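Try each task before you read its solution.

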Amino acid sequence: MSKISRRQLITTALATAAGASGLAVAANLAQRYGLVPPDAGGVYGPGETLTYATQRLLTRHSLAREFAPGQISKFPFANETGALGAAFTRSQQAGFSDWNLAIDGLVAHPGFFSLAEIRSFPVSKQITHLACEEGWSYIAEWSGAPLAHLLEKIGTLPQARYVVYRSIQRGWWESIDMADALHPQTLITHTMNGRELPVKFGGPLRMRVPRQLGYKSVKYLTRLTVTDSLKSFGKGLGSASPESGYSWYAGI
Ligand SMILES: Nc1nc2c(c(=O)[nH]1)N[C@H]1C(S)=C(S)[C@@H](COP(=O)(O)O)O[C@H]1N2
Ligand SMILES: [Mo]
């Protein structure tokens, strides 16, 4: 069966199952096709599964909306972050000259890229919307290296299913599936509106995932881990968000 007709078949089956016999049946189908999000066990589980599974089948390659330069917000709002810790302060005092991004897990060449190296990678730019789940949002131009470029350099192994990413800030870690990790708009950003990414917006390095809500765009990025399972990270729900009641998949 061709890819597209198989995909249509699964999507139709999911939608029909959800409509006719409730979300639980759809969730079983999603399970069979590996489309269950890591936080599916919670209260919103079957609903989360249906959202994630249908998004993945239908919009895997779709692009987040991009805007014109004239639409860039004049006064972007930086969400207050808690304390960043002593390691951050030390690096900031050194002008971030010692900042590294480690990459490990299911990769051929684990190691790290220095900030300088990442800045030297091919730059991709996007003018996109960053929306917080709390309701406010802004439009900015983000520039950086596509995450896909780093993953290709480091040699992601075929078993890879997710990329876990962590901030130097305690408690801030997220993960995305390979569809988002390899998506051309997912960037490791170092520049915002043509200038070095300000600390309050996540500088020196920030993950930008414009197809999902703001909380997936983790600031002060220090480490990526490629994995085939999220079970051993935190409480096994995929990221810090579901541990405090937000969904792992925050597609918009
Ligand atoms: N390290 C870190 N990353 C973070 C946060 C944070 O507090 N610490 N807040 C998140 C949330 S909830 C949102 S909505 C966005 C806010 O981005 P902004 O400050 O550019 O508006 O950053 C996300 N990334
Ligand atoms: Mo947020």
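**Exercise 1.** Find the polar backbone atoms that lie 2.7 Å from an oxygen atom of ligand 1.

*Solution.* Step 1: look for polar contacts, meaning pairs of N or O atoms within 3.5 Å. One such backbone atom belongs to Phe 77, 2.7 Å from a ligand 1 oxygen; another, also at 2.7 Å, belongs to Asn 79. On the nitrogen side, a ligand 1 nitrogen atom sits 3.0 Å from a polar backbone atom of Ser 217.

Step 1: sort the shell. Ligand 1 has 20 residues around it, where near means a heavy atom within 4 Å. By class these are 11 nonpolar, six polar and three charged.

The model is predicted, with pLDDT of at least 70 needed for local features and 80 or more for side-chain atom pairs, while totals for chains, interfaces and linings use all residues. Residues are numbered from 1 along each chain, chains are lettered from A and ligands numbered from 1 as written, and side-chain values use heavy atoms, without hydrogens and water.

**Exercise 2.** Work out the strand order of the open sheet.

*Solution.* Step 1: take strands as DSSP E runs of at least two residues, paired if at least two bridges join them. The order is β2-β1-β10-β5-β6, with mixed pairing.

Step 1: find the edges. β2 (111-114) and β6 (173-177) each pair on one side only.

Step 2: zoom in. β5 and β6 run antiparallel, joined by five bridges; Tyr 165 has Glu 174 as its bridge partner.

Terms used
Helices (H or I, at least four residues) and strands (E, at least two) are DSSP runs, numbered from the N terminus. A polar contact is a pair of N or O atoms within 3.5 Å; within protein, one must be able to donate a hydrogen and the other to accept it, and residues adjacent in sequence count only if both atoms are side-chain atoms. Ala, Val, Leu, Ile, Met, Phe, Trp, Tyr, Cys and Pro count as nonpolar, Asp, Glu, Lys and Arg as charged, and the others, Gly among them, as polar.
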